Amino acid sequence: MRIGIDVGGTNTDAVLLDGSTVLAATKASTSRDVTTGIVQALDALRAQRAFQPGELTAVMIGTTHFINALVQARDLAPTAALRLGLPATASLPPMVDWPRRLVGAVSGRAYLAHGGHEFDGRHIAELNEAELRAHAADMAAHGVRSVAISSVFSPVSNEFELRAAEVLAAELGPDVALSLSHEIGRIGLLERENATIVNAALRELAAHIVDGLIRSLADYGITAPLYLSQNDGTLMDVEYARRYPVATFASGPTNSMRGAALLSGLGTCAVVDVGGTTSDVGVLSGGFPREATTEVSIAGIRTNFRMPDVVSIGIGGGSLVRETADGPTVGPDSVGYRLTEEALVFGGSTLTATDLAVAAGRADIGDPVAVARLDPTLVKAALDRIAVDVADIVERMRTSADPLPVVAVGGGSVLLPDDLPGAGGVHRPDHFAVANAIGAAIAQVGGEVDRVYAIGSGRREAVVDEARQEAVDRAIAAGADPAGVRIVDFDEVPVPYLPGNATRIRCKAVGDLQLPA
Amino acid sequence: MSWKLGLDQLTDLARGAALLGTGGGGDPLIGRLLVEQAIREHGPVTVLDPEELDDDAFVIPTAMMGAPTVMVEKIPSGAEPVAALRALEAHLGRSADATMPIECGGINSMIPLFVAARTGLPVVDADGMGRAFPELQMETFSVYGVPGTPMAIAGENGESVIIDTGGDNKRMEWISRGVTVRLGGSSLIAEYAMTGADVKRTAIPRTLSLALAVGRAIRQGRENHTDPVAVLRETLAGTIYTHLRVLFSGKVTDVERRTVEGFTRGRARFTGHDGHSTLELRFQNEHLVAVVDGDVVCIVPDLICVLEGDTAEPITTEGLRYGQRVTVVGISTPDLMRTPEALDVFGPSCFGLDHPFVPVERLVPEAP
């Protein structure tokens with residue numbers, strides 16, 4: 001048995017799973033300290049289905065806590081960014097493109113030092129340890145508690161980041177956390193460095209939260225290993241989460257989509273997650289969310305995280321319904337969390353999308369008598385409007401002429417009809433309201449390679465095999481069952497104007513987590 | 001009239017430059033950040049209309065050469081482009097009165113602005129490609145008799161190299177490419193030094209203004225919830241890039257890329273929203289030819305631009321991914337780029353294409 005928990009900004013959802021069977025599911029309010037809400041969720045699960053802590057093989061948690069901390073600029077540690085690349089890169093020092101407010105929130109200090117590599121592994125300049133020690137002394141003098149280290153082309157060679165980390169660790173001692181960019185991001189210095197600095201700023205909070213999670217599970221008598229879910233739908237163990245909190249940033253929508261895949265039994269489908277204010281539409285391909293191809297900016301900071309490609313529209317359970325000369329409109333404004341006070345079915349005076357669903361007999365929420373006198377023509381026209389708008393987004397997310405099945409999850413999915421215009425039948429699996437917690441519980445572990453290779457004549461296959469093997473090895477090192485590791489993503493982009501057929505290869509391997517029998 | 005370019009215009013300019021990059025030219029982002037920093041430190045840049053240049057004014061264009069993929073990782077020190085300019089001035093024994101882009105598409109729209117901000121020189125509102133091209137001899141400067149050399153190349157260690165191949169601009173390209181590889185795959189250059197009279201005779205005029213107008217049109221179309229492509233069409237109608245044609249709307253179904261002789265060559269295939277019609281784009285760093293259901297609908301040097309379906313944000317060939325929803329447009333180039341001499345330097349045959357050049361407004365006669 002395993003437990004999946006999704007700690008969102010509003011709700012903490014939890015499920016108890018045996019294999020892929022849902023034994024218990026619950027939705028509770030998120031507590032300020034995170035851990036109280038988790039204990040309440042565990043109590044609620046146990047009330048539904050008694051279990052012994054010893055029966056659990058793993059606990060998986062997905063959380064938006066760290067991305068919310070960045071967006072709200074709270075609980076961030078005083079952070080320094082050290083970049084190795086001089087004499088190159090001096091024109092754009094670290095954090096140059098950050099919102100000033102966030103630079104202030106992390107007490108950000110930028111340092112440049114000699115080092116860095118060329119694309120082919122040559123050194124731009126040698127590392128200068130005296131220079132690094134001087135920077136370390138300045139960091140200590142300014143109360144820096146966490147350091148992000150980036151080096152030019154570190155995805156090609158991590159040599160300088162590792163050596164600089166040794167020097168800094170010796171100077172600053174064990175209490176200052178070090179985050180290395182080659183472990184966090186891909187090629188693209190500023191984006192990788194940004195992600196590393198954000199990670200560094202979250203390290204203290206991560207230690208605090210992870211300690212709290214471990215303690216609350218231990219208090220509950222749970223000794224099973226604890227994992228956190230990452231952006232790409234794979235898992236990390238708590239020690240990794242302590243060091244790489246930034247890797248949780250996009251886990252919310254990813255878990256919701258992966259959960260939908262399990263519940264519906266569909267690996268390739270569109271997932272419509274209907275919440276209170278918006279509907280988020282994403283596409284699963286082979287069980288994993290399709291990734292966005294545009295740069296992702298979080299709280300005004302550019303990064304190159306892999307994020308799911310999700311399109312949102314302002315239609316949810318709390319959306320306001322209005323009558324106009326051209327027919328009814330739905331959303332984009334919503335009563336949000338005040339649904340249980342303002343909707344007609346809850347005795348309020350606002351016509352919401354939820355009232356339509358109840359009036360049409362699609363949902364049993366609140367008091368159906370309150371909507372009995374709604375004009376059936378209006379109800380039908382407004383629900384048709386919702387169906388057409390959602391179907392339009394699904395249609396735009398399609399990548400081929402083949403039919404794409406649609407899976408509806410989230411509390412607001414009662415708004416959708418059984419058939420979407422042009423898209424066919426809507427799958428509405430059991431437990432659709434807690435799909436995200438289920439997604440956390442079934443996450444896999446992965447390994448990734450992203451590097452520029454010089455591919456000599458006739459060497460392409462050998463190089464491709466090497467990259468694939470390294471991704472597989474990394475997945476196994478992260479805890480994947482070697483029997484089932486497979487490559488889920490492979491991308492090869494030649495680098496123009498360089499000799500030796502320089503090619504950037506990105507490769508990702510994933511497998512099921514190897515759990516004790 | 002000369003005008004000032006400030007921080008608030010750079011995002012629109014970068015978007016427009018990405019469009020004029022016609023799939024290549026490198027992501028203008030690093031260039032934009034460089035210019036932003038320089039303008040913050042030194043103040044706005046003065047942009048000169050080419051007609052304002054004295055005939056005997058001395059103009060030295062500046063640019064980046066090499067792999068944009070390297071530039072996003074090994075960012076310049078910042079001293080290189082000015083160092084290249086100074087090295088060429090020293091070699092020629094004459095100071096520049098202004099700098100100028102050699103290429104208005106992609107990152108090279110930004111490098112001269114960075115030089116201008118740092119040196120206080122004005123930048124001329126013109127360029128030599130009218131878009132982006134992969135090689136240094138593919139310039140209207142070159143077509144109409146301006147020698148590219150002597151040229152100067154600078155690296156981040158303070159080193160500089162002068163190359164002089166007389167009037168042979170193809171050989172300049174070949175030798176400087178080799179030096180750039182030794183410098184780590186990207187370098188900063190000053191070349192095609194010329195007089196104001198030569199600028200007026202050989203350059204594509206007002207392409208900085210054009211990039212700014214194009215970037216602004218796309219943004220405003222989006223902000224006003226009108227079709228950005230329609231706003232773009234209206235904007236171009238009043239310029240020497242008069243005609244815009246929507247070539248195709250659909251989704252990316254296949255992208256094939258390979259490195260041949262230092263270029264990214266390949267093709268991308270798209271399927272229409274109806275599920276039947278197809279578009280094939282061939283590219284060598286930049287888009288070369290668009291073929292819809294077997295018919296050529298736009299061909300180099302006319303511009304072929306892939307725009308994100310909803311936002312009309314330009315997408316480069318490197319950014320093309322399976323499943324993207326796009327609108328592909330063709331844009332006519334100015335007459336100066338369509339003469340027989342120009343087509344000999346950057347027409348279809350220079351990229352190994354058999355199809356002759358036919359203007360996009362004739363290939364797709366009616367604005368759809």
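In this predicted model, strands E1(B) and E2(B) are joined in the antiparallel sense by three bridges. Within this pair, Lys4(B) has Thr46(B) of E2(B) as its bridge partner. Strand E2(B), residues 45-48, also pairs with E5(B), here in the parallel sense and over two bridges. Leu48(B) is the residue that stands opposite Val124(B) in E5(B). Together these strands make an open sheet of three strands in the order E1-E2-E5 of chain B, with mixed pairing. Strand E1 (3-5) and strand E5 (123-124) of chain B are the edge strands; each has a single partner strand, so one side of each is left without a neighbour in the sheet.

Chain B also contains a helix pair. Helix H9(B), residues 207-223, and helix H10(B), residues 228-237, have axes that come within 8 Å of each other and cross at roughly 145 degrees. The crossing of H9(B) and H10(B) is right-handed. On the H9(B) side the contact is made by Ala213(B), Val214(B), Ala217(B), Ile218(B), Gln220(B), Gly221(B) and Arg222(B), and on the H10(B) side by Pro228(B), Ala230(B), Val231(B), Leu232(B) and Thr235(B). By class, the residues of the contact of H9(B) with H10(B) are eight nonpolar, three polar and one charged. As for confidence, chain B averages a pLDDT of 93, and 98% of the residues score at least 70.

In chain A, four strands form an open sheet in the order E6-E5-E7-E8, with parallel pairing. Its edges are strand E6 (109-114) and strand E8 (177-180) of chain A, each of which pairs on one side only. From one strand to the next, the twist averages 20 degrees. Strand E5(A), residues 79-86, pairs with E6(A) in the parallel sense over six bridges, and Ala81(A) stands opposite Ala110(A) in E6(A).

Two helices of chain A lie across this sheet. Helix H5(A), residues 159-172, lies across E5, strand E7 (146-151) and E8 of chain A, and runs at about 150 degrees to E7(A). Helix H6(A), residues 189-219, lies across E5, E7 and E8 of chain A, and its angle to E7(A) is about 160 degrees.

Helix H6(A) also meets helix H1(A), residues 35-48: the two axes come within 10 Å and cross at roughly 30 degrees. Angles under 35 degrees count as roughly parallel, and H1(A) and H6(A) are therefore roughly parallel to each other. H1(A) passes H6(A) in a right-handed crossing. Thr35(A), Ile38(A) and Val39(A) in H1(A) meet Gly212(A), Leu213(A) and Ser216(A) in H6(A). The residues of this contact of H1(A) with H6(A) comprise three nonpolar, three polar and no charged.

| Strand pair | Sense | Bridges |
|---|---|---|
| E1(B) and E2(B) | antiparallel | three bridges |
| E2(B) and E5(B) | parallel | two bridges |
| E5(A) and E6(A) | parallel | six bridges |

For the complex, the predictor gives an ipTM of 0.89 and a pTM of 0.85. Where pLDDT is low, predicted coordinates should not be read in detail.

Note on methods: Residues numbered from 1 in each chain as written. Chains lettered and ligands numbered in written order. Predicted model: local features only at pLDDT ≥ 70, side-chain atom pairs only at ≥ 80, totals over all residues. Pairing = 2+ DSSP bridges. Axes fitted to C-alpha atoms, helices over the stretch in contact; angles between N-to-C directions. Contact = placed C-beta atoms within 7 Å. Parallel < 35°, antiparallel > 145°, perpendicular 65-115°, else oblique. Left-handed = near helix turned anticlockwise from the far one by under 90°. Nonpolar A, V, L, I, M, F, W, Y, C, P; charged D, E, K, R; others polar. pLDDT = per-residue confidence, 0-100.
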